[in-house]
Amino acid sequence: MVSTDKASPCDRLLDAAARLSYRDGVSIGVETLCREAGVSKRSMYQLFDSKDQMLAASLERRVARYQARLAHPDPDAATPRERILYVFEQLEKGSVDPDYHGCPYLAVLVELKDPEHPASAVARGVKQTLKEAFRTEAERGGARDPELLARQLLLIFDGASARAGARVERLDDGLATATATALLDAAGLA
């Protein structure tokens, strides 16, 4: 979180949008966002055309950090299998945080339902990038059908994330990684 005494109004708005939309959903009001950020509505609309644009910018701003968290720390030394399983290990680790509410990008897609919404476009792009990363690793590892495996892995990732975020499933027992391992084995990934 950025300190409000040194952060710009834009940064404070983007930080508030990230916190509140993750915790409470994207339907948070402009008044609430502005109050949380310590920025007037007038200032917000000078910085962003709409709340929708601000939400999209907030999501876009977090992409690099999200992707870095899922990237293996030593990708050159890791095998494709290790790089894929690392993603699921990170999901399991993150899911035990009491403030975990699932994947923020999946949550936006589910909540908004509008594929034309600017935040939906950002979220879809992030999910597509993750699927492509799975597909690339599946190809490198010699999977029989890399595209199918990538789709299956994303389905497991999103399902596990959503269920853990809703607190109907615990991931600290390694279930997501074990399920991904079974898929990798069935796909013939080395």
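This is a predicted model: local features need pLDDT of at least 70, side-chain atom pairs count only at pLDDT 80 or more; totals for chains, interfaces and linings use all residues.
Residues are numbered from 1 along each chain as its sequence is written, and side-chain values use heavy atoms, with hydrogens and water left out.

Helices, here and below, are DSSP runs (H or I, at least four residues) numbered from the N terminus. In α6, the residues P104, Y105, L106, V108 and L112 are buried, where buried means under 20% relative accessible area, exposed means over 50%, and partly exposed lies in between (1.4 Å probe, protein chains only). These buried residues of α6 pack against α1 (9–24), α4, α7 and α8, contact being taken as heavy atoms within 4.5 Å.

A nonpolar core is a set of buried Ala, Val, Leu, Ile, Met, Phe, Trp, Tyr and Cys residues joined through side-chain atoms within 4.5 Å. The largest such core has 40 residues, of which F88, L91, Y105, F134, L149, L153 and F157 touch the most other members. At least two residues of this core come from each of α4 (51–70), α5, α6 (104–112), α7, α8 and α9. A second, separate core of 14 residues includes A16, I28, V39 and F48. In soluble globular proteins, nonpolar side chains tend to be buried together.

Which residues form one aromatic cluster? The cluster is made of F88, F134 and F157, and the structure as a whole holds three aromatic pairs. Rings of Phe, Tyr and Trp (its six-membered ring) pair if their centres lie within 6.5 Å, and planes under 30 degrees apart count as stacked, over 60 as edge-to-face and the rest as tilted. The rings of F88 and F134 are stacked, because their centres are 5.7 Å apart and their planes stand at 10°. This pair links distant parts of the chain, with F88 in helix α5 (residues 80–95) and F134 in helix α7 (residues 118–140), 46 residues apart. F88 is buried, with a relative accessible area of 0%, and F134 is buried as well, with a relative accessible area of 2%. The rings of F88 and F157, by contrast, have their centres 6.1 Å apart and their planes at 75°, so this pair is edge-to-face. It also links distant parts of the chain, since F157 lies in helix α8 (residues 146–165), 69 residues from F88 in helix α5. F157, like F88, is buried. Leaving aside residues up to four places away in sequence, F134 touches I84, V87, F88, A150, L153 and L154.

A salt bridge is a side-chain nitrogen of Lys or Arg within 4 Å of a carboxyl oxygen of Asp or Glu, and a search of the whole structure finds 14 of them. One joins the side chains of R81 and D185 (2.8 Å, N to O). R81 is buried, with a relative accessible area of 18%, whereas D185 is partly exposed at 46%. Not counting residues up to four places away in sequence, R81 touches T181, L184, D185, L189 and A190.

Another salt bridge pairs E137 with R83, the closest N and O atoms being 2.9 Å apart. Because E137 lies in helix α7 and R83 in helix α5, the pair ties together parts that are 54 residues apart in sequence. Both partners count as buried, E137 at 11% relative accessibility and R83 at 14%. E137 also forms a salt bridge with R140, where the closest N and O atoms are 3.0 Å apart. R140 and E137 both lie in helix α7, three residues apart, which is about one turn of the helix. R140, at 55% relative accessibility, counts as exposed. Elsewhere, salt bridges that share partners join K131, R135, E139 and E147 into one network.
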